[in-house]
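This report examines selected strands, helices and side-chain pairs of one protein model. Please consult the sequence and coordinates shown below alongside the text.

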Amino acid sequence: MSRHTSPTHFAEPRPFPLQPIPIHVTDEVLDDLRQRLALTRWPDDAGNEDWYYGVNRAYLQGLVDYWRTDYDWRAAEARINAYPHYRVEIEGVPIHFMRRPGTGENPTPLILTHGWPWTFWHWSKVVDPLADPGSFGGDPADAFDVIVPSFPGFGFSTPLPNRPDMNFWKVADLWHLLMTRTLGHAKYAAAGCDVGALVTGQLGHKYADELYGIHIGSGLKLSLFNGDRAWDFSGGQPIPEGLAPEVRDRILEFDRRFAVHLAAHMLDSSTLAVGLSDSPAGMLAWILQRWKSWSDNGGDLESVFDADELLTHATIFWVTNSIGTSIRTYANNNRYPWTPSHDRRPVIEAPTGITFVGHENPPGVTSDRRVEHFLTTDRADWYNLVNPTAHDRGGHFIPWELPGEWVDDLRRTFRGRR
């Protein structure tokens with residue numbers, strides 16, 4: 001059973017310019033999902049008890065059986081619909097977003113951007129404390145009016161037939177129009193993780209004067225996906241000789257963790273999408289491996305995501321047929337390279353807080369030196385840093401894995417800036 005509970009009811013502090021449209025998946029779509037799961041043809045998986053070759057069949061098969069027979073999407077749908085949901089079209093792009101209205105007289109507008117293989121629901125553990133800090137032991141003055149969109153081409157922000165070129169810096173333009181033109185905010189805050197951190201960074205680069213600041217889960221350059229070999233996690237470089245064994249092992253671990261999806265998504269996204277869009281078991285396997293290797297789970301994935309939680313995210317991908325457009329985002333980040341909007345330094349002028357987590361410490365770097373190490377890299381001077389913070393634990397899905405720490409870090413970033 002899911003560890004999520006329905007949020008407490010909250011009052012609308014002021015009129016909102018849009019009418020909510022609850023999420024609903026038809027019975028026909030759910031029946032088709034169960035039928036496809038029942039017809040899964042399983043591969044031989046001998047010798048993969050340790051997940052050396054990728055997702056272990058026995059674990060996946062048990063999860064697929066549960067998805068088909070016992071998983072309750074309607075219960076998940078009810079939890080999701082405890083929040084208001086909206087659909088708009090911006091520049092021809094369909095946008096879905098969830099909102100958690102902020103408490104008090106003047107909550108700060110905040111837009112949260114997820115990455116891959118995230119859904120908007122990965123923010124669900126932090127939206128209530130951000131919107132209503134007084135009910136969670138915080139200062140009511142820290143309240144945010146929280147906007148949580150689905151990344152275009154992901155989940156309910158679909159389909160994208162007329163915008164096959166969507167990438168992170170184009171999403172930033174859509175978000176700015178959403179927050180200013182559609183919702184009427186003269187100034188707002190932004191936060192994001194994974195590719196969502198790049199979207200947020202682009203907001204802080206192009207629209208700094210209209211932002212209170214940004215808070216992100218990584219400190220990457222916006223030019224990350226530019227270049228002829230952006231798909232190569234190692235940058236085409238061999239591992240240096242003479243490294244300490246633990247540093248070399250960490251480099252290899254990072255290669256195994258990230259190289260496969262980068263190369264496949266950038267070089268062959270449409271080919272991969274055919275299989276993932278036809279087989280829910282295949283789609284689940286592909287994203288399940290990322291959830292397992294990217295989260296700080298100590299070898300027990302369900303210590304981070306229980307079965308219901310895993311399948312809620314997977315079902316959102318499946319019922320919207322969005323796995324193909326979600327992975328194409330990577331190719332578009334490379335095919336349509338980022339170009340700067342100005343030549344000032346820092347590149348990202350908005351005040352920037354960063355949350356670093358232990359599972360993503362670079363080779364040879366401990367958490368107590370993480371911020372110090374970052375400041376020595378060529379990435380640090382891209383940002384107007386105000387609140388870099390490192391934690392000993394936590395993995396790639398920071399607001400899901402460390403919701404309390406993420407909320408505290410984000411509040412510090414914006415305190416005194418709004």
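Which residue in strand 5 is the bridge partner of Thr113? The partner of Thr113 is Gly192. The model discussed here is predicted.

Strand 3 covers residues 108-113, and six of its six residues are buried. Thr108, Leu110 and Leu112 point one way from the strand, while Pro109, Ile111 and Thr113 point the other way. Residues on both sides are buried, the cut-off for that class being under 20% relative accessible area.

Two other strands pair with strand 3. Strand 4 (residues 144-149) runs parallel to strand 3, with four bridges between them, and in this pairing Ile111 stands opposite Ile147. Strand 5 (residues 188-192) is likewise parallel to strand 3 and is joined to it by four bridges.

## An annotated span

The UniProt record, in an unreviewed entry, assigns residues 19-122 the feature "domain: Epoxide hydrolase N-terminal". In the model, this span is 32% helix and 19% strand, and its end C-alpha atoms lie 23 Å apart.

Leu262 belongs to helix 7, which comprises residues 245-278. Its relative accessible area is 12%; because buried means under 20%, Leu262 falls in that class.

Beyond its neighbours within four places in sequence, Leu262 is in contact with Phe225, Trp231, Phe233 and Tyr330. One of these residues, Trp231, is 31 residues from Leu262 along the chain, yet the C-alpha atoms of the two are separated by 5.2 Å.

## Helix 13

Helix 13 comprises twelve residues, 403-414. At 1.5 Å a residue it should span 16 Å, and the distance of 17 Å between its end C-alpha atoms agrees with this expectation.

The buried residues of helix 13 include Trp406, Val407, Leu410, Thr413 and Phe414. Asp409 and Arg411 are also buried in this helix. An α-helix has 3.6 residues a turn, so residues three or four places apart point the same way. After helix 13 comes Gly416, which has a positive phi near 85°.

## Salt bridges

The count of salt bridges in the model comes to 22. Among them, Asp27 and Arg74 meet through their side chains at 2.7 Å, N to O. Asp27 is in helix 1 (residues 27-38) and Arg74 in helix 3 (residues 73-80), so this pair links distant parts of the chain, 47 residues apart. Asp27 is partly exposed at 47% relative accessible area, and Arg74 is partly exposed at 28%. Asp27 and Arg74 also belong to a network of salt bridges that includes Glu77.

Asp145 forms a salt bridge with Arg99, with the closest N and O atoms 2.7 Å apart. Asp145 lies in strand 4 and Arg99 in strand 2 (residues 93-100), so the pair ties together parts that are 46 residues apart in sequence. Both partners are buried: Asp145 has a relative accessible area of 4%, and Arg99 has a relative accessibility of 1%. A further salt bridge joins Asp173 to Lys206, with 3.0 Å between the closest N and O atoms. Because Asp173 lies in helix 5 (residues 168-182) and Lys206 in helix 6 (residues 195-206), this pair ties together parts 33 residues apart in sequence. Lys206 is partly exposed, at 37% relative accessibility.

Key:
Residues are numbered from 1 along each chain as its sequence is written. This is a predicted model: local features need pLDDT of at least 70, side-chain atom pairs count only at pLDDT 80 or more; totals for chains, interfaces and linings use all residues. Side-chain values use heavy atoms; hydrogens and water are left out. Buried means under 20% relative accessible area, exposed over 50%, partly exposed in between (1.4 Å probe, protein chains only). Two strands pair if DSSP finds at least two bridges between them. UniProt positions are given in the numbering used here, feature names are shortened, and annotations may be inferred rather than shown by experiment. Contact means heavy atoms within 4.5 Å. The expected span of a helix is 1.5 Å times one less than its number of residues. A salt bridge is a side-chain nitrogen of Lys or Arg within 4 Å of a carboxyl oxygen of Asp or Glu.
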